[in-house]
Amino acid sequence: MAGVQFEVARYFASGRIGERLRNPEDGSFVWTTDRAGLIRLPNLEHGTFVATEIRPLPGYMLADPVVFVVADNEPTTITIRNYRYSEWNVLKIDGDTNQPLAGVVFEIAHHFGTGITGERIRNPHDGSFEFVSDSTGIVRFGALEPGSYVIIETRPLSGYRAAEPVIINVTGREVDTRVTIRNYRYAELTIRKINSITRAPLTGVVFEIFRPDGTRLINPQTGFHDFVTNRSGIIYLPVMDDGRFYLRETRALPGFIVDQEIIPFNIDASARQREHVLVVENTPAAGLLIVKVDAQTRMPLAGVEFEVRHADGRIVSGLPLDANQPGTPANSPQMAANGNFITDSSGRINLNHLAPGGYHVRETRALDGYQLDDTVHVVTITAGQQTVLEVENMPLAGFRLLKLTELPANPYRAWNLWFSTAIIMLWACLIPIIAD
């Protein structure tokens, strides 16, 4: 080992070190090993000396001082061994699969018991303070001098949580110098939006996600708070923090009902549950078509008012969405001031926004000249289907009133009346002839 530096001094039995020997080549007290690893000390007087290593080669531990005795006319050779410091490395792996992770960046620095981080160790390969895991997941720090160090992960792989700092204590004689550091993925959230009847995916449904304090998550792809299902009905979030969240559907597709407005869920990556899947269903809106006709002529009746209630008595009111249900005619109700529905020019009320279930339909105002049908019609609405209710109105019965004038008792007056009537009729017949 060339280049190792020593000092040599007299040594006394009491352990006291005496005068140091001066190197005749440069006049200093330093003696350096040559290419052969040798230091030659010529013309030593007999006595006891001590060789003290003052600077070993990089990566090697300092050897203990060696005491030796020089006798008259006897050559003396002493052998001093240097041991390399332990070379430390980190094995970086996936915490779930144990697969190596390449490209993870670390720093290592001196660490003090008070928790203060000291000087960082430079990477001898590039002079930086960064050490990067290779294709086998290994980070090589090389030989470390005795002391306490802290290993800090500064840049984990995308989708992984940064590992906690690791403190190591180096004595220089460790056998196992590999530190295994695991990275765990962030939890993933997949939202699947489907038709509750056909199980088909629903594209274009809009959601927002918020925390218990009301803070809404930002979509990293758009920078907004909206999350929209893709053509597969999927919203995929590869990175989710742990905690309690709420999912709110803010815009359903036309023709569908929001089954559950707010869905609570928990994210807990520490439980090794990385993949969280929420399946959210939308029920297709159901249709009710009310047809109002004349019972005798079958002609449609416009302007007839109906009241629609749920089976539990709750009234159905409010303007429904237009073209709410695919494959059915558009909604066409006219609204009365009281919230009831009025038949259109085709005698129809088409409601496509009703949830499946039972309903009670009753006519509340008929047209003039028609008898009010106050029957309560019970109908059942099935999801994705249209129920048709036809209601007839009977026209009211009528009569003709003929008013006759009583003949006078005087015969002359009667003759005058008949004569006047005959003249008028004759004149009526002559008018067309005169006109020609």
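Two strands count as paired if DSSP finds at least two bridges between them. The views below come from a predicted model.

**View 1. Strands β15 and β16 run antiparallel.** Strand β15 covers residues 206–210. It pairs with β16 in the antiparallel sense, over two bridges. That count meets the cut-off, so the two strands qualify as a pair. Look for Phe-207: it stands opposite Phe-227 in β16.

**View 2. Four strands make an open sheet.** Now take in the neighbours of this pair. The order across the sheet is β16-β15-β18-β20, and the pairing is antiparallel. Which strands form the edges? They are β16, residues 227–228, and β20, residues 262–267. Each edge strand pairs on one side only. In general, the strands of a sheet pair through backbone hydrogen bonds, parallel or antiparallel.

**View 3. Two residues in loops have a positive phi.** Most residues other than glycine have a negative phi. Asn-98 is not a glycine, yet its phi is positive, about 65°. Find Asn-98 in the loop between β6 (87–94) and β7 (105–111). Asn-98 is partly exposed, with a relative accessible area of 46%. Arg-199 is not a glycine either, and its phi is also positive, about 65°. Its loop runs between β14 (187–195) and β15. Arg-199 is partly exposed too, at 44% relative accessible area.

**View 4. Phe-49 and Phe-68 stack.** The whole structure holds four aromatic pairs. In one of them, Phe-49 and Phe-68 are stacked. The ring centres lie 5.8 Å apart, with 20° between the planes. Phe-49 belongs to strand β4 (residues 47–55) and Phe-68 to strand β5 (residues 66–70), so the pair ties together parts that are 19 residues apart in sequence. Are these two residues buried or exposed? Both Phe-49 and Phe-68 are buried.

View 5. Phe-131 sits in strand β9 (residues 131–132), while Phe-141 sits in strand β10 (residues 138–143). The pair therefore ties together parts that are 10 residues apart in sequence. Phe-131 counts as buried, at 1% relative accessibility. Phe-141 is buried as well, with a relative accessible area of 5%.

**View 6. Arginine charges sit over phenylalanine rings.** Start with Arg-16. Its charged end sits over the ring of Phe-12, 4.4 Å from the ring centre. Now turn to Arg-120. The ring under its charged end belongs to Phe-129, and the distance to the ring centre is 3.9 Å.

**View 7. Arg-365 meets residues from elsewhere in the sequence.** Arg-365 lies in strand β27, residues 357–365. How many residues separate Arg-365 and Glu-305 in sequence? They are 60 residues apart in sequence, but 5.0 Å apart in space, C-alpha to C-alpha. Leave aside the neighbours of Arg-365 within four places in sequence. Arg-365 is then in contact with Gly-303, Val-304, Glu-305, Ile-342 and Leu-372. At 40% relative accessibility, Arg-365 counts as partly exposed.

Conventions. Residues are numbered from 1 along each chain as its sequence is written. This is a predicted model: local features need pLDDT of at least 70, side-chain atom pairs count only at pLDDT 80 or more; totals for chains, interfaces and linings use all residues. Side-chain values use heavy atoms; hydrogens and water are left out. Buried means under 20% relative accessible area, exposed over 50%, partly exposed in between (1.4 Å probe, protein chains only). Rings of Phe, Tyr and Trp (its six-membered ring) pair if their centres lie within 6.5 Å; planes under 30 degrees apart count as stacked, over 60 as edge-to-face and the rest as tilted. A charge sits over a ring if NZ of Lys or CZ of Arg is within 6 Å of the ring centre and within 35 degrees of the ring normal. Contact means heavy atoms within 4.5 Å.
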